[in-house]
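Okay, thanks for coming, everyone. I'd like to walk you through one model today, going from the whole chain down to a few residues. Have a look at it first.

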Amino acid sequence: MGESGLTEIERHIVALVMQRKRNREIAAGLYVSLRTVEGHLTRIFRKLGVSTKSQLVRQLSSCEAAPQEPARIPATPHPDRPVPADASHVRRE
């Protein structure tokens, strides 16, 4: 864990949130499930004392120690792990 108490993957997700990525985009770019991203965000929120992505962005925007920007997520997900066309079962942000 880094100095902030966040794991490497949590810092990476925070940086993607700072780029205004949606949970589904983060999941597709990292080749993990949406639920995995949501679980990481829950732990990030708890560690940083926030309850929404908006609060996270505001808090880190005013802080000099915001995570550095990671490599960009590809525009399309990996062909072996497509995002479902019917995502009506997925929670919206």
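**The chain as a whole**

So, in the protein chain, of the contacts with a separation of 6 or more, 65% are between residues 24 or more positions apart; contact here means heavy atoms within 4.5 Å. Before I go on, the ground rules: this is a predicted model, local features need pLDDT of at least 70, side-chain atom pairs count only at pLDDT 80 or more, and totals for chains, interfaces and linings use all residues. Residues are numbered from 1 along each chain as its sequence is written, and side-chain values use heavy atoms, with hydrogens and water left out.

What's in the chain? You get 4 helices and 0 strands, and the order from the N terminus is α-α-α-α. Those are DSSP runs, numbered from the N terminus: helices are H or I with at least four residues, strands are E with at least two.

Of the 93 residues, 33% are buried. Buried means under 20% relative accessible area, exposed means over 50%, and partly exposed is in between, using a 1.4 Å probe and protein chains only. The chain exposes about 6,300 Å², and carbon and sulfur atoms supply 50% of that. The areas are Shrake-Rupley values with a 1.4 Å probe, and for residues only the protein chains shown count as cover.

**α1 against α3**

Now to a helix pair. Two packed helices are described by the angle between their axes and the distance between the axes. Here, α1 (residues 8-18) packs on α3 (residues 34-48) at an angle of about 90 degrees, and the axes are 10 Å apart. So α1 is roughly perpendicular to α3. For the cut-offs, 65 to 115 degrees is roughly perpendicular, under 35 roughly parallel, over 145 roughly antiparallel, and the rest oblique. The axes are lines fitted to C-alpha atoms, for helices over the stretch in contact, and angles run from 0 to 180 degrees between N-to-C directions.

Which residues meet there? From α1 you have I9, E10, I13, V14 and V17, and from α3 there's H40, L41, R43, I44 and K47. By class, that contact has 6 nonpolar, 1 polar and 3 charged residues. Nonpolar covers Ala, Val, Leu, Ile, Met, Phe, Trp, Tyr, Cys and Pro; charged is Asp, Glu, Lys and Arg; the others, Gly among them, are polar.

**E10 and its helix**

Let's zoom in on E10, which sits in α1. Is E10 buried or exposed? E10 is buried, because its relative accessible area is 2%. Its side chain makes a polar contact with the side chain of K47, at 2.8 Å. A polar contact is a pair of N or O atoms within 3.5 Å; within protein, one must be able to donate a hydrogen and the other to accept it, and residues adjacent in sequence count only if both atoms are side-chain atoms. Leaving out neighbours within four places in sequence, E10 touches G5, H40, R43, I44 and K47.

The buried residues of α1 are E10, I13, V14, A15, L16 and V17, and their cover includes α2, α3 and α4 (53-61).

R20 is in the loop between α1 and α2 (23-30), and counts as exposed because its relative accessible area is 59%.

Then there's Y31, in the loop between α2 and α3. Y31 isn't a glycine either, and its phi is positive, near 60 degrees. At 37% relative accessibility, Y31 is partly exposed.
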